[in-house]
Amino acid sequence: VTKKKKKKKRKMVNVPKERKTFCKDKKCKKHTVHKVTQYKAGKASNFAQGKRRYDSKQMGFGGQTKPVFHKKAKTTRKIVLRLECKKCKTKKQLTLKRTKHFELGEKKKDGGHQY
């Protein structure tokens with residue numbers, strides 16, 4: 001008996017630029033309107049302990065000292081939203097599912113004729 005694997009058709013994730021959700025700040029403690037942006041990692045610091053240790057280990061002769069990662073398995077990324085309360089400016093993060101295509105507040109395109 002063979003089992004057939006169904007391929008899931010991944011859709012484009014489209015999230016509105018504003019959403020009403022719970023704000024747990026002391027000032028609010030209720031559902032308020034939040035501004036939605038996509039989370040982006042900041043610039044890595046040269047003075048973080050790991051970076052200093054890596055740089056000192058790399059110095060001098062002996063080539064590459066630590067393993068360089070090559071076996072990338074995932075083709076998608078988890079989407080992280082950054083929600084900012086419009087009332088009290090408190091920020092929180094919300095993780096969505098994995099997806100290849102992600103849009104913030106764009107309208108759907110019509111498939112028919114446009115004159």
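Visitor: Which strand holds T21?

Guide: T21 sits in strand β2, residues 18-23. Bear in mind that this is a predicted model.

Visitor: What makes T21 count as buried?

Guide: The relative accessible area of T21 is 17%. Buried means under 20%. The value falls under the cut-off, so T21 is buried.

Visitor: Which residues does T21 touch, leaving out those up to four places away in sequence?

Guide: T21 touches K30, H31, T32, H34, L83 and K92. T32, in β3, also stands opposite T21.

Visitor: How do you know that β2 and β3 pair?

Guide: Count the bridges. β2 and β3, residues 30-38, are joined by six. Therefore they count as paired. The two strands run antiparallel.

Visitor: What joins β3 to β4?

Guide: Five bridges do, again with the strands antiparallel. β4 covers residues 77-85.

Visitor: How many bridges hold β4 and β5 in their pairing?

Guide: Seven, in the antiparallel sense. R82 has Q93 in β5 as its bridge partner. β4 and β5 also form a hairpin, with five residues between them. In that turn, K89 has a positive phi of about 65 degrees.

Visitor: What is the strand order in the open sheet?

Guide: The order is β2-β3-β4-β5, with antiparallel pairing.

Visitor: Why are β2 and β5 said to stand at the edges?

Guide: β2 and β5 (91-99) each have a single partner strand, so one side of each lacks a neighbour in the sheet. From one strand to the next, the twist averages 40 degrees.

Visitor: Which residues make up the largest nonpolar core?

Guide: There are six: V15, V36, I79, L81, L83 and F102. β4 gives the most to this core, with three residues.

Visitor: Which residues does V15 touch, not counting those up to four places away in sequence?

Guide: V15 touches V36, L81, L96, F102, E103, L104 and G105.

Visitor: How many disulfides are there?

Guide: The count comes to zero.

Visitor: What about C85, and which cysteine sulfur is nearest to it?

Guide: The nearest is that of C88, at 3.6 Å. C85 is in no disulfide.

Visitor: Are C23 and C85 buried or exposed?

Guide: C23 has 3% relative accessibility, and C85 has 0%. The cut-off for buried is under 20%. So C23 counts as buried, and so does C85.

Visitor: How much of the protein chain counts as buried?

Guide: Of its 115 residues, 16% do. The protein chain exposes about 11,400 Å². Carbon and sulfur atoms supply 53% of that area.

Visitor: What share of contacts joins residues at least 24 apart?

Guide: The share is 51%, taken among contacts between residues at least 6 apart in sequence.

Note on methods. Residues are numbered from 1 along each chain as its sequence is written. This is a predicted model: local features need pLDDT of at least 70, side-chain atom pairs count only at pLDDT 80 or more; totals for chains, interfaces and linings use all residues. Side-chain values use heavy atoms; hydrogens and water are left out. Buried means under 20% relative accessible area, exposed over 50%, partly exposed in between (1.4 Å probe, protein chains only). Contact means heavy atoms within 4.5 Å. Accessible areas come from the Shrake-Rupley method with a 1.4 Å probe; for residues, only the protein chains shown count as cover. A disulfide is a pair of cysteine sulfur atoms within 2.5 Å. Helices (H or I, at least four residues) and strands (E, at least two) are DSSP runs, numbered from the N terminus. Axes are lines fitted to C-alpha atoms, for helices over the stretch in contact, and angles run from 0 to 180 degrees between N-to-C directions. A nonpolar core is a set of buried Ala, Val, Leu, Ile, Met, Phe, Trp, Tyr and Cys residues joined through side-chain atoms within 4.5 Å.
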